[in-house]
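Visitor: I have a structure to look at and would like to go through a few of its parts. Could you guide me?

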Amino acid sequence: MSTMSRLWPEGIDKMHIHTVVVIGSGFGGQCAAKALLARGIDDLVILERRPFLGGTWKQNRYPGAAVDVQSPLYSIASEPFEWSRMFAEREELERYTQHVLESNGLPQRTHADTDVQKIQWVGDHWLITTSRGNYAAQFVVNASGPLSTPVVPPFPGRDSFRGKQFHTNDWDTEYDHSGKRVAIVGSGASAAQIVPTIQPDVETLHVFQRTPHWVMPRHDYEFTPLQRKLMMIEPIRRLVRAGLYWSLETRILAFKYWPAALKAVGQRSAVKHLAAQVPDADLRAKLTPDYILGCKRIIVSNKLYPALAQPNVTLHDKGDGISEITETGILTTSGERVDVDLLVWSTGYDATDGVISYPVIGRDGTVLSDVWSPYPRAYLGTTIPKFPNLFVVTGPNTGIGHTSAIFLIEAQMEYIWRAVESVRSVGASAIEVTESAERVYTDKIHHEMEGTVWKIGGCNSWYQSKSGHVVAMFPGFSFTFRRWAKRFKPQDHQLHHSSTEAITKDEISA
């Protein structure tokens, strides 16, 4: 692997310009590195801000963490794994992540504990400023992920709390919650896994719910040894993946074209599940959403409702929310003082407006945060005008609510490779999507979004940006996105050739 000068005093003229720098070592970064390495791009470096590699399933160590998509499908198509159960738990997902990293030689290409602070287009390449020095690259693939920047609401008095507090994304595995008084703020996907896992061990558990989620049964089971072996046989593995894929893909018909069916069929099943597991009418009322199933993320769990119904658990709904944080716990809006030893913030991520957490300065000094005001937008959710050779994995409108997110990530790789190859094949230095192509694409996406459950379902969710646009989800079939990604359109792009413009130290450090 090529090396480079990492400290500024040694000068920009001595800095090696990598072919590709990938930012992030989760599944997005792994897929990008795999795809590019397989096509002969060897001069590739991965930058990871944390001291370890692996992304989500290395970082999220909270109790009960597990995937909510069937594990044979929630995996990279070219990386088979002998899964032990239908819905893999965090420990197994971590092993899979490590398997992918090591089988592709990615640890040797990764610079860990390297936090990207800014990237800037200078002449004909990107300058990447990090906590460990400067890098340069012809192409940059941002794979930091939409669920990587935790958000904690600015409740009054939050810093005054004298007990222990942390976000689910930074769970303190050294802290023993057994016998403690615990409050969990938030009731989404992470909280739904934590609550039933810690409930039997804690003295009291207070769950602060702003909005209830619809919960569906989780049809999980362990694979037998024979099933595990059979699914490692390639034709059988492909058949299992195809069966799971098409069974999930049909859901988009309701999400996009027939939200009324979600209410008439899916929601009826969710109501039945709630009634069967929560006999108390008052608690059941607090847990019943007032929006159409699918508008917010659907929780898949057999254990959440029974845990919430236990005597040591108190559910606080929006009528009894948080007024302020005190030294000893929480003061609710009804005036109740809830003393706790541990505050867990299960309050989500900046997954829409904060898709990229560091400043990005493109051609002609264009600032990405300005372009993304009032809402993030990108051609195929991947590339943006005036930002040559920059590709965003899981960018705007690439989320998928009905199937495996990895399928969309792999589809993005089809486009990224075709873009890179179009540059290399003619000896150009950069590629950039045209403003008109991006505008047409974005207008089409948001037109298609109008009738979806995410837009008309009657809820406020993290799928929406502050502008009200739904920017997290792709409003269609996942195979449609993949087809678009494969059909690279040269007419939607412009190629640039190397600039002879001098690059000065002052310009780069500005």
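Visitor: Does Ile416 count as buried or exposed?

Guide: Please note that this is a predicted model. Ile416 counts as buried, because its relative accessibility is 2% and buried means under 20%.

Visitor: Where is Ile416 placed?

Guide: Ile416 is in helix H12.

Visitor: And which residues is Ile416 in contact with?

Guide: Neighbours within four places in sequence are left aside here. Ile416 is then in contact with Val141, Thr382, Phe391 and Val393.

Visitor: How many residues apart in sequence are Ile416 and Ala77?

Guide: They are 339 residues apart in sequence, and in space the separation is 17 Å from C-alpha to C-alpha.

Visitor: Back to the helix. At what angle do H12 and H15 pack?

Guide: Helix H12, residues 405-425, and helix H15, residues 478-486, pack at an angle of about 10°. Their axes are 8 Å apart. The angle makes H12 roughly parallel to H15, because angles under 35 degrees count as roughly parallel.

Visitor: Which residues make that contact?

Guide: On the H12 side they include Phe407, Leu408, Ala411, Tyr415 and Arg418. On the H15 side they include Phe479, Phe481, Arg482 and Ala485. The residues of this contact divide into seven nonpolar, two polar and five charged.

Visitor: New topic: H13. What span should its 15 residues have?

Guide: At 1.5 Å a residue, H13 should span 21 Å. The C-alpha atoms at its ends are 21 Å apart, which agrees.

Visitor: Which residues of H13 are buried?

Guide: Ala437, Glu438, Tyr441, Thr442, Ile445, His446 and Met449 are buried in H13. Seen down the axis of H13, these buried residues fall within an arc of 155°, so they line one face of the helix.

Visitor: Why would residues a few places apart point the same way?

Guide: An α-helix has 3.6 residues a turn, so residues three or four places apart point the same way.

Visitor: What covers the buried residues of H13, and what is exposed on the other side?

Guide: The cover includes strand S19 (430-433), H14 and H15. On the other side of H13, Val440 and His447 are exposed.

Visitor: Last one: where does Thr452 lie?

Guide: Thr452 lies in the loop between helix H13 (435-449) and helix H14 (453-456). Thr452 counts as buried, because its relative accessibility is 0%.

Visitor: What does Thr452 touch?

Guide: Not counting residues up to four places away in sequence, Thr452 touches Phe255, Lys256, Pro259, Gly457 and Pro475.

How values were computed
Residues are numbered from 1 along each chain as its sequence is written. This is a predicted model: local features need pLDDT of at least 70, side-chain atom pairs count only at pLDDT 80 or more; totals for chains, interfaces and linings use all residues. Side-chain values use heavy atoms; hydrogens and water are left out. Axes are lines fitted to C-alpha atoms, for helices over the stretch in contact, and angles run from 0 to 180 degrees between N-to-C directions. Helices (H or I, at least four residues) and strands (E, at least two) are DSSP runs, numbered from the N terminus. Angles under 35 degrees count as roughly parallel, over 145 as roughly antiparallel, 65 to 115 as roughly perpendicular and the rest as oblique. Contact means heavy atoms within 4.5 Å. Ala, Val, Leu, Ile, Met, Phe, Trp, Tyr, Cys and Pro count as nonpolar, Asp, Glu, Lys and Arg as charged, and the others, Gly among them, as polar. Buried means under 20% relative accessible area, exposed over 50%, partly exposed in between (1.4 Å probe, protein chains only). The expected span of a helix is 1.5 Å times one less than its number of residues. The arc is that of the directions from the helix axis to the C-beta atoms.
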